[in-house]
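Subject: Structure handover and notes

Hello,

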Amino acid sequence: MSKDFLTYNQQMKYLRAKKGIECGQTKDKTILCRNGYFNLVNGYKEPFINGVNGDSHKYLNGTSIDEIYQVKRFDDELRMLLLKYITKVEEEVRTLVGYKFDEVNNKGKIEWYSVNAYDPSRETQKIVKVISDSFQEIHRSEQKYIKHYFDKYKYVPTWILVKIIKFSTFISFVDFSKIDLKRDICNLYGIKDIYGNCDFTLLKGSLHWLRKIRNSCAHNERVYGIKRDGKRIKTIYHNLLAKSYERERDQKLIDLIIYMRFYLDDQDFRKFAKEIKNLLEDLQSNINSTAFNKVRGNMGIKDLSHLDILVNMKKEIKYHKF
């Protein structure tokens, strides 16, 4: 059954009468007009829910439409921040992988569309699928430089291939590449297990989590509470935080922040983490403390001071030795 149309004034009356949410001022109506009831209330009410009354949710005492908007504003700004840094990392990793792929394949003499350019221990059929997927994505591209290379050289070089294929295909491209490539990437970024060995599982898993969150950001989806059930991959940096992190099984936003500690240099990571902390502190000052703790908890952050631990770590990425 379809729901009755409600004017903005009727929506505010409904929120006051049925939800106990404070609203009614001109600024509240403006918030509803600019954001929409569904995007705002349905999208960001969860931190303020405090039980159930019959078939309706009960909300924390004093919850206002402005507080719900503050959570949405926080999420919007967080989304833009994450997208900025993830795309920066993505572009860099794609560039480095393209360079290393040719280097380990006889200085580019073994082309990317040859099965021999990949890990000989992997199934040939799966390697062929990666190559086939790459070809399809090349041919679907409408970029002028793709047409230029096809017209002039009859093929697309590796450094262009890694730029245009989908992130998911690129991750498969890395996964099936020769071990020397993956080892060099892991050594560059320090992607290693507790024993100091290159961690190929973490390399693949971290890139997939970056991809998942990047896609959510690009599609304007709520991001602060994003998670993957039971998919958490612990790292050496997790071990430096509180013991309570060891009990977590789900992959959350804190894991993305920790993965970025591998991929960003000290200066960029310091800016990245401080900007996230600033957003959280601003939200903390504008909403109910119980609601704030739910938002922080949904991100997987036990305490804001734990971000400082990551910021204060020293880590050098030796690009000059790559």
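I start in a loop: Lys107 sits between helix 4 and helix 5, where helices (H or I, at least four residues) and strands (E, at least two) are DSSP runs, numbered from the N terminus. This is a predicted model, in which local features need pLDDT of at least 70 and side-chain atom pairs count only at pLDDT 80 or more, while totals for chains, interfaces and linings use all residues. Residues are numbered from 1 along each chain as its sequence is written, and side-chain values use heavy atoms, with hydrogens and water left out.

Lys107 is exposed, at a relative accessible area of 63%. For accessibility, buried means under 20% relative accessible area, exposed over 50%, and partly exposed in between (1.4 Å probe, protein chains only). Lys107 is not a glycine, yet its phi is positive, about 55°. Asn106 belongs to the loop between helix 4 and helix 5 (124-140), and its phi is also a positive value, near 55°. Most residues other than glycine have a negative phi. Asn106 is partly exposed, with a relative accessible area of 46%. From the C-alpha atom of Asn106 to that of Asp193, 87 residues away along the chain, the separation is 29 Å.

Overall

The protein has 14 helices and two strands. Its C-alpha atoms fill a box of roughly 70 × 45 × 35 Å along the principal axes. Of its 322 residues, 46% count as buried. Taking contacts (heavy atoms within 4.5 Å) between residues at least 6 apart in sequence, 67% join residues at least 24 apart.

Helix 10

Helix 10 covers residues 200-218, which is 19 residues. From first C-alpha to last it reaches 27 Å, close to the 27 Å expected at 1.5 Å a residue; the expected span is 1.5 Å times one less than the number of residues. At the start of helix 10, a side-chain oxygen of Asp199 comes to within 3.3 Å of the backbone nitrogen of Thr201. After helix 10 comes Asn220, with a positive phi near 60°.

The buried residues of helix 10 include Leu203, Leu207, Trp209, Leu210, Ile213 and Arg214. Among the elements covering the buried residues of helix 10 are helix 4 (65-104), helix 8 (167-175), helix 9 (179-189) and helix 11 (253-263).

Two packed helices are described by the angle between their axes and the distance between the axes. Here axes are lines fitted to C-alpha atoms, for helices over the stretch in contact, and angles run from 0 to 180 degrees between N-to-C directions.

The axes of helix 4 and helix 10 come within 9 Å and cross at roughly 135°. That makes helix 4 oblique to helix 10, given that angles under 35 degrees count as roughly parallel, over 145 as roughly antiparallel, 65 to 115 as roughly perpendicular and the rest as oblique. The crossing of helix 4 past helix 10 is left-handed; a crossing is left-handed if the near helix is turned anticlockwise from the far one by less than a right angle, and right-handed if clockwise. Residues making the contact include Leu82, Leu83, Ile86 and Val93 of helix 4 and Leu207, Leu210, Ile213 and Cys217 of helix 10.

Helix 4 and helix 9 pack at about 140°, with their axes 9 Å apart. Helix 4 is therefore oblique to helix 9. Helix 4 passes helix 9 in a right-handed crossing. In helix 4, the residues that meet helix 9 include Val93, Leu96, Val97 and Phe101, and those in helix 9 include Leu181, Ile185 and Leu188.

Helix 11

Eleven of the eleven residues of helix 11 are buried, so helix 11 is largely enclosed by the rest of the structure. Among these buried residues are Asp255 and Arg261. Their cover includes helix 4, helix 9, helix 10, helix 12 (266-284) and helix 14 (305-311).

Two buried polar residues

Asn35 is in helix 2 (residues 26-35) and is buried, at 14% relative accessible area. A polar atom of the Asn35 side chain lies 2.8 Å from the backbone oxygen of Ile31. Leaving aside neighbours within four places in sequence, Asn35 is in contact with Leu40, Tyr69 and Lys72.

Asp175 is in helix 8 and counts as buried, at 14% relative accessibility. Not counting residues up to four places away in sequence, Asp175 touches Arg122, Lys182 and Lys204.

Regards

Methods
A polar contact is a pair of N or O atoms within 3.5 Å; within protein, one must be able to donate a hydrogen and the other to accept it, and residues adjacent in sequence count only if both atoms are side-chain atoms.
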